[in-house]
Amino acid sequence: MAELDARRAEVLGHAARTIQRQIRTYIARKEFIALRKAAIMLQSHWRGISACKLYEQLRREAAALKIQKNFRRHTARESYLTVRSSTITLQTGLRAMAARNEFRFRKQTKAAIIIQATLRCHAAYSYYKSLQKAAITTQCGWRRRVARRELRKLKMAARETGALKEAKDKLEKRVEELTWRLQLEKRLRTDLEEEKAQEIAKLQESLQAMQLQVEEANARVKKEQEAARKAIEEAPPIIKETPVIVQDTEKVNSLTAEVESLKASLQSERKATEEACNACTDAEARNAELVKKLEDSERRVDQLQESVQRLEEKLSNSQSEIQVLRQQSLAISPTGKSLTTRQRTMIVQRTPENGNVTNGETKVLSDMTLAISNVREPESEEKPQKCLNEKQQENQDILIKCISQNLGFSGCKPIAACVIYKCLLHWRSFEVEKTTVFDRIIQTIASSIEDNNDVLAYWLSNSSTLLMLLQRTLKASGAASWTPQRRRASSASLFGRMSQGLRSSPQSAGLSFLNGRGLSRLDDLRQVEAKYPALLFKQQLTAFLEKIYGMIRDNLKKEISPLIGLCIQAPRTSRASMVKGRSHANAVVQKALIAHWQSIVKSLNRYLNIMKANHVPPFLARKVFTQIFSFINVQLFNSLLLRRECCSFSNGEYVKAGLAELEQWCNEATEEYAGLAWDELKHIRQAIGFLVIHQKPKKTLNEITKELCPVLSIQQLYRISTMYWDDKYGTHSVSSDVIANMRAMMTEDTNNAVSSSFLLDDDSSIPFTVDDISKSLQQIDIADVDPPALIRENS
């Protein structure tokens, strides 16, 4: 029982302790929660009080900093303005002193130059006068000597014969008669066309009458001869025969003399008829020449009218461009800049100092928070415009990166030119007063141009197409439509500027630019009021087109120039083998000789293939090959006139065979690409044709100048005729009479102040204008051109 009691006491004690522990835990937790809640309340109140104090302190510090900043700015500006005014005063004084020194130096230099020039002029004039005096003295002495010699000869001639005066009188009378006849012929030439039919009829009648007289005279002579024979037969003695024979012989002589006189008159009549016929033919030739001259003058009048129309169009375009440039210069001038900046600052700048707000009313701001909000508002307005400018800059970078590559062609249309035109038209860059996209495009084209014919032909095609599109799209804006874009943008509100930026941004069209249908065909080539940057871009593009064209032409000239020097004269060994060898050997040698000409043809074919591969307009290709053929004509013809060894018969045959190769190339290239290039070789063709003809002594000057070589001048024909030599057949040049006539015509030309230069000049100018390119190219539908992959990814 004692153990059970002890066990019960132990159990009860343990339970009591457990109960006590739980009660004490509950009481302690309740007290702790109450204490913690009180502490949290105290801490929150205390922290709120400290935060209020800290906020008030920070606000006071910000206000103090603002006041200090404004005060320091004011003091710094005052000091800067004083330093600036003093600096300007010092600079003005120094510049005035430098200008006075420079003016004094220039004045002294000018006076010294005038003194030096006067002194040198006096020295040169005195030296010239001394030389002139000495020359006149020498000339007088020499002329006196020559005159004495001539007087001595005349006195000797007068002593030897006394008929000098009579001969002189006869010659004077003869000269008077000839002058009178010449005047009479000049008067009769005007009436020759009307009277030629009557004269021919009269001459024919007189010719028939003379023929009848000749027949009657012949019959009389026969009758007299028969009578004389009968008288001789009937005469009995020899003593009586003498007077009969004498009489018969006298009659026969008189009859023969009469017959001869009739024949002479007949010949004179025939000569008169021939002269009349020649005069008729000359009159007809002159009439034909006059008709040709009239047709040529009409053509020239038509061409002049067309050129006048073109000049009027260019004048109107230039006047509009000049107006644009004047407006641009006024906008760029310091007064214009000050006005625009002043107006812009009046609208945009809003600070606590001037108290300006959006509506322009002046208010004194009492609260600093309102000033801070007004200062931060323009920054918030400029952020969308800045984002739009950055986006447009990114688009321009993509375009420049795209066109710096070789994009190729799409249906014979250059992709680069169409993409550039689409982007500029889509961004409204032609109507913007200030942009950098044109300069970047020009720099990209300039950096892409290399001394490689493929690259040059590629950019020639692109620049010509782009220039044609610009020519048909842009028109210079007048003074009335000139409104600065910057002023309009500054006066617009925030939402207005955002909407305007969205309208002008490349993202407004979306994927319409990608498929090429965002711009309709009417909008593609609509007339756009172009500003100064667009007109300047057009001028720079024209300059690049002319530069690329000149580089291609000069490269071809450099390539064929060494070959032209080998094509003007055949090697002597080859000529000897051609003369002495057999037919097979001659054919081999002929192929070897034509190799230089074939090299020229290969160069022409290579350039033609390059232009066709890059789709260069046929108009530009025709101009290139026309100038190249003109260069070949000038080089060959000048070499022919300057080198006597080239003016031979065999060399003419050699050059003629080479010209046949060029003619074949022109026929194969067709008129679309060759054009009138073959006509540019007319000088060398006619000169070579004159060299290779036989029987040159039988040709008259009229036949040579009118039929064989109508293009060549008298000086050129005289030089070729005098330098000609035949190393193959031994033929001779033209007759001495023809050469004498040529020399007489050359002296007349020199007296008439006609240029005596017989060499040709090479024309290296640009033979076309922007209007010619625009008229020659066909209309291009840029909507069918697929954009490249880079543009398609960043539509």
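Hi everyone, let's start with T465: setting aside neighbours within four places in sequence, T465 is in contact with P414, A417 and I780, where contact means heavy atoms within 4.5 Å. This is a predicted model, in which local features need pLDDT of at least 70, side-chain atom pairs count only at pLDDT 80 or more, and totals for chains, interfaces and linings use all residues. Residues are numbered from 1 along each chain as its sequence is written, and side-chain values use heavy atoms, with hydrogens and water left out.

T465 sits in helix α9, residues 453–473; helices here are DSSP runs of H or I, at least four residues, numbered from the N terminus. Is T465 buried or exposed? Its relative accessible area is 5%, so T465 is buried (under 20% relative accessible area, with a 1.4 Å probe and protein chains only).

Next, S721, in helix α21, residues 714–723. S721 counts as buried because its relative accessibility is 2%. Not counting residues up to four places away in sequence, S721 touches F690, S733, V734 and M742.

Now for the helix pair. The axes of α16 (residues 595–613) and α18 (residues 649–674) come within 9 Å and cross at roughly 15°; axes are lines fitted to C-alpha atoms over the stretch in contact, and angles run from 0 to 180 degrees between N-to-C directions. That makes α16 roughly parallel to α18, a label for angles under 35 degrees.

Which residues of α16 meet α18? Among them are W597, I600 and L604 in α16, while the α18 side includes V655, L659 and W665.

Methods
Helices (H or I, at least four residues) and strands (E, at least two) are DSSP runs, numbered from the N terminus. Angles under 35 degrees count as roughly parallel, over 145 as roughly antiparallel, 65 to 115 as roughly perpendicular and the rest as oblique. Buried means under 20% relative accessible area, exposed over 50%, partly exposed in between (1.4 Å probe, protein chains only).
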